[in-house]
Amino acid sequence: MFVCDNFHVVYLSVKIRANIENFILVVLGILSAGMGIKGFLLSTRFIDGGVTGISMLLAKITAVPISILIFIINMPFLILGYRQLGVSFAVKSAMAIAGLSLCLAFINFPDVTHDKLLTAVFGGIFLGVGVGLAIRGGAVLDGTEIAALLLSKKMELLKVSDVILLLNLIIFSAAVFFLGIEPALYSILTYLAASKMIEFILNGIERYTGITVVSAKGDAIRKAIAKRGRGVTVYEGKSGYGKDGHINDPRDIVFTVATRLEIPSIKREILDIDPAAFIVQQSIEDTTGGLVKRKGRH
């Protein structure tokens, strides 16, 4: 009974700590996004992509405040997508978007610079950091990816990234018509800066790559990778018809995950062991558990 109670206390404390950390991340994300929008972009005719970009564009061509538009335009996507995302995520996101709206309405940010290039780049950076921190905290500040997810499920030929690209093409085409060519080009620069910062916040410098190796010397390759402190998964396979002419010849299929900085040296070591090894690389968005990090870095 005591052990059970102790477990619940530890579990509750861990959950409370995680919720506090997520709350701080979302608040910092709101403030960073607010700085990007009000401190840089609102004083110009530049916009971002996604729902935020639509809100900024409508705010520039109508008299409706951006704080109201961001909340109103995002809400339908959260309502439609809550079944895919879960009620908890949808509620957190709704509160985060409401927080961003309040931030834009009531917090005064300094107008940092009137230089167009600096405005486009740093406006995108602050906005991207804000969106990325909010996602790390378990919420979203922009309903674009929710919309893309819903549309991609209805149109099987398009991936989520394809839908996002098409939506942004429409937004920036509208920007050319309503704002002019130069503001639209700077807006694309803002979007690229924001996208890169979101990617950096979510994935960090150590982006992971999965490596699959098919080789007759799989055990030696497994040992070489394991010596690096990497976890290795070994599948048993059989060859098809290759240059060596063997069919159904046993082959070990070795799989591991490493950072992109380590990939060249790992590949060289594999090819030193077996020059005929078949190596496949694929991008890994995220990992949990296992020996992903080097030893001594936990």
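Helices (H or I, at least four residues) and strands (E, at least two) are DSSP runs, numbered here from the N terminus. In this predicted model, residues are numbered from 1 along each chain as its sequence is written, local features need pLDDT of at least 70 and side-chain atom pairs count only at pLDDT 80 or more, while totals for chains, interfaces and linings use all residues. Side-chain values use heavy atoms, with hydrogens and water left out.

The chain holds 10 helices and 4 strands, and along the sequence these elements follow the pattern α-α-α-α-α-α-α-α-β-α-β-β-α-β. Of its 298 residues, 38% count as buried, a word that here means under 20% relative accessible area, with exposed over 50% and partly exposed in between (1.4 Å probe, protein chains only). Among the contacts (heavy atoms within 4.5 Å) with a separation of 6 or more, 73% join residues 24 or more positions apart.

Threonine 256 has its place in strand 3, residues 250-259, whereas isoleucine 66 lies in helix 3, residues 66-85. The table sets out how these two residues are placed.

| Residue | Relative accessibility | Contacts beyond four places in sequence |
|---|---|---|
| Threonine 256 | 2%, buried | Thr209, Gly210, Ile211, Ile225, Arg230, Gly231 and Val232 |
| Isoleucine 66 | 8%, buried | Ile37, Leu42, Ser55, Met56, Ala59 and Leu104 |

Gly231, listed for threonine 256, also supplies the backbone oxygen that the side chain of threonine 256 reaches at 2.8 Å. For isoleucine 66, the C-alpha atom is separated by 6.0 Å from that of serine 55, which stands 11 residues away along the chain.

Helix 8 covers residues 181-203, and its 23 residues reach 33 Å from the first C-alpha to the last, close to the expected 33 Å, which is 1.5 Å times one less than the number of residues. Its buried residues include Pro183, Ala184, Ser187 and Thr190, together with Ala193, Ala194, Met197, Ile201 and Asn203. Just after helix 8, glycine 204 takes a positive phi of about 75 degrees.

The axes of helix 9 (residues 218-226) and helix 10 (residues 263-273) come within 10 Å and cross at roughly 150 degrees, the axes being lines fitted to C-alpha atoms over the stretch in contact, with angles from 0 to 180 degrees between N-to-C directions. Helix 9 is therefore roughly antiparallel to helix 10, a description used for angles over 145 degrees. Where these helices meet, Ala220, Ile221, Ala224 and Ile225 of helix 9 face Glu269, Ile270 and Ile273 of helix 10 in contact.

Note on methods: A polar contact is a pair of N or O atoms within 3.5 Å; within protein, one must be able to donate a hydrogen and the other to accept it, and residues adjacent in sequence count only if both atoms are side-chain atoms. Angles under 35 degrees count as roughly parallel, over 145 as roughly antiparallel, 65 to 115 as roughly perpendicular and the rest as oblique.
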